[in-house]
Amino acid sequence: MTEDAPTRLTAVIVGAGMSGLLAGIRLKQAGIDDFVILERSGSVGGTWYDNQYPGASCDVPSYLYSYSFAPNPNWSRSFARQPEILAYFRGVAERYGLGPHLRFDTEVAGATFDEDDGRWEVRATDGRRWSGRILVVGTGQLNRPWSPDVPGKDGFAGVQFHSARWNHDVDLTGKRVASIGNGASAVQYIPEIAPLAEKLTIFQRSANWIVPREDKEITAQAQALNRRLPALQKFSRLLIYSILESRWGAFRKIGSAASRRLERNARKHLEAQVADPKLRELLTPDYPIGCKRVLVSDDYYPAVVRPNVEIVTDPIARILPDGIETRSGRRVPLDVIVWGTGFATAGFLAPMEIVGRGGRRLHDAWASGAEAHRGVTVAGFPNMFVLYGPNTNLGHNSIIFMSERQMDYAMQLIDALLRRDLRFLDVRPDAQDAYNAELQAKLSTTVWAANCGSWYKHHGKITNNWSGSTIEFWRQMRRADLDAYELVPRTAPARITA
């Protein structure tokens with residue numbers, strides 16, 4: 001552990017996933033080169049480095065799931081798999097010269113704002129420290145694996161692991177395997193492991209609406225054409241974006257015509273692939289489509305109709321040394337448990353301890369549910385910019401599009417901060433409150449407000465999703481309204497805004 005003075009920089013970026021790399025690229029393009037990107041893992045890629053489970057792939061078509069300024073003409077499939085996406089982000093980091101700025105195996109413990117100096121001091125768990133005028137947090141919403149505290153969990157004698165920490169040393173061939181959970185990750189790894197297992201038991205709390213993926217190989221000829229005619233790939237990207245954007249109507253209001261069409265598509269997909277009416281009933285959700293994440297898969301239903309696969313809806317009572325006991329008393333013998341139970345999404349920047357003006361902790365500010373101004377800035381935490389922050393998630397389009405808009409907005413504020421040589425800028429609490437009041441009012445009429453449990457909302461408040469189309473988001477992010485901010489010059493005395 002070191003007691004050296006913190007390294008002074010213009011900016012500190014936390015996270016080297018999609019958003020963190022984007023922030024680094026935009027800073028370099030603006031002529032800001034004294035920054036560091038702190039990453040707890042051993043590589044760039046974020047979720048695409050963490051989630052290396054069998055079958056991991058993107059739900060957004062490849063041509064759209066890339067930076068607008070860095071297209072990849074060589075995608076091999078219409079929906080790229082994890083290794084290819086990770087290679088893409090590694091390539092982008094190299095192409096834009098981010099290597100010297102990256103600090104791997106560096107977990108951030110917290111950051112504290114010095115109001116007199118107008119700087120953030122960022123601390124790593126190993127004691128290293130950095131001081132930056134700007135703090136960009138790009139850790140995302142889905143970065144901390146979560147599993148429930150089931151009685152007997154620690155006493156299981158077999159092997160257990162979370163899908164986001166897949167144990168590739170375990171051979172599942174001939175094993176009795178449980179998948180606890182059937183969400184977005186599980187519908188991808190279950191088709192991969194079902195043919196290997198002697199018996200695969202899926203513990204399902206609730207069914208998911210699933211629509212066809214229609215994944216296809218992109219031929220070598222098509223790749224060559226994309227390289228020769230970049231405009232062709234741009235057109236394909238725009239077409240995919242437009243098709244996905246048209247689906248916003250299915251989420252805007254429960255029971256809308258678009259919602260009914262999407263549900264019919266999902267039901268047709270289920271009926272085409274599952275002949276058994278009893279199994280179809282188990283796989284049919286009891287909530288409006290879109291209330292929870294709509295999944296895309298061509299091979300999940302064919303996997304669950306296999307004779308060695310069973311879906312169990314009886315809740316888990318406890319985990320035994322040799323298996324699982326359900327609430328009805330049934331015992332399921334097991335060798336391996338895969339926790340496909342998702343991520344802790346409510347805390348956003350947790351477990352980092354972020355301390356802003358007047359010693360205010362972000363954990364306390366977000367005790368009733370995370371919120372920010374335009375999803376980027378938080379009152380009382382000056383010069384801090386959150387990418388893929390509160391209320392910026394989508395159910396119908398690409399998150400990369402959203403993060404690019406957020407970073408464009410942040411760069412306008414960063415330009416004002418540096419060009420005017422401000423000590424700090426801080427969004428006014430009244431501006432943030434007004435923004436979120438309008439946001440929550442719009443969200444209250446969307447499908448996400450329906451009566452279902454989802455990771456989109458916490459304590460009844462929808463904290464994760466954006467309230468409109470991506471076009472609406474782009475419009476609101478085009479210009480940073482400096483009137484919504486307290487602008488503090490270097491010469492002004494420090495003061496706390498109530």
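**Close-up views of a predicted model**

View 1. Asn182, Val187, Gln204, Ala207, Asn208, Ile210, Leu283, Tyr300 and Tyr301 line the largest cavity. A cavity here is a set of points, on a 1 Å grid over the protein atoms alone, where a 1.4 Å probe fits but cannot get out; lining residues have an atom within 4 Å of a point. The lining holds 6 nonpolar, 3 polar and no charged residues. Ala, Val, Leu, Ile, Met, Phe, Trp, Tyr, Cys and Pro count as nonpolar, Asp, Glu, Lys and Arg as charged, and the others, Gly among them, as polar. The space in this cavity is about 40 Å³. The structure holds 1 cavity of 30 Å³ or more. Volume means the space filled by probe spheres set on the grid points, which are joined across faces, edges and corners.

This is a predicted model, where local features need pLDDT of at least 70, side-chain atom pairs count only at pLDDT 80 or more, and totals for chains, interfaces and linings use all residues. Residues are numbered from 1 along each chain as its sequence is written, and side-chain values use heavy atoms, with hydrogens and water left out.

**View 2. Three leucines make a nonpolar surface patch.** Leu225, Leu229 and Leu232 form this patch of about 220 Å². Patch residues have over 30% relative accessible area and no salt bridge; nonpolar side chains (Val, Leu, Ile, Met, Phe, Trp, Tyr) are joined within 5 Å, like charges within 9 Å. Areas come from the Shrake-Rupley method with a 1.4 Å probe, and for residues only the protein chains shown count as cover. Leu229 sits in the loop between helix H5 (220-228) and helix H6 (230-245). Helices (H or I, at least four residues) and strands (E, at least two) are DSSP runs, numbered from the N terminus. Leu229 counts as partly exposed because its relative accessibility is 46%. Buried means under 20% relative accessible area, exposed over 50%, and partly exposed in between (1.4 Å probe, protein chains only).

View 3. Phi of Asn383 is near 60 degrees, positive in a residue other than glycine. Asn383 belongs to the loop between helix H11 (362-365) and strand S18 (384-386). With 1% relative accessibility, Asn383 is buried. Asn391 also has a positive phi near 60 degrees. Its loop runs between S18 and helix H12 (399-419). Asn391 counts as buried because its relative accessible area is 3%.

**View 4. Two arginines pair with aspartates.** Side chains of opposite charge can pair when their charged atoms come close. A salt bridge is a side-chain nitrogen of Lys or Arg within 4 Å of a carboxyl oxygen of Asp or Glu. Arg128 and Asp126 form one, at 2.8 Å from N to O. Arg128 is partly exposed at 28% relative accessibility, and Asp126 is partly exposed at 35%. Arg428 bridges to Asp430, with the closest N and O atoms 3.0 Å apart. Arg428 is partly exposed at 29%, and so is Asp430 at 45%.

View 5. Glu438 and Lys442 meet at 3.5 Å, N to O. Both residues lie in helix H13 (residues 429-443), 4 residues apart, about one turn of the helix. Glu438 is partly exposed, at 47% relative accessible area. Elsewhere, salt bridges with shared partners join Arg26, Glu404, Arg405 and Asp408 into one network. The whole structure has 28 salt bridges.

Conventions: On a 1 Å grid over the protein atoms alone, a cavity is a set of points where a 1.4 Å probe fits but cannot get out, and a pocket is an open set with protein on both sides within 12 Å along at least five of seven lines; lining residues have an atom within 4 Å of a point.
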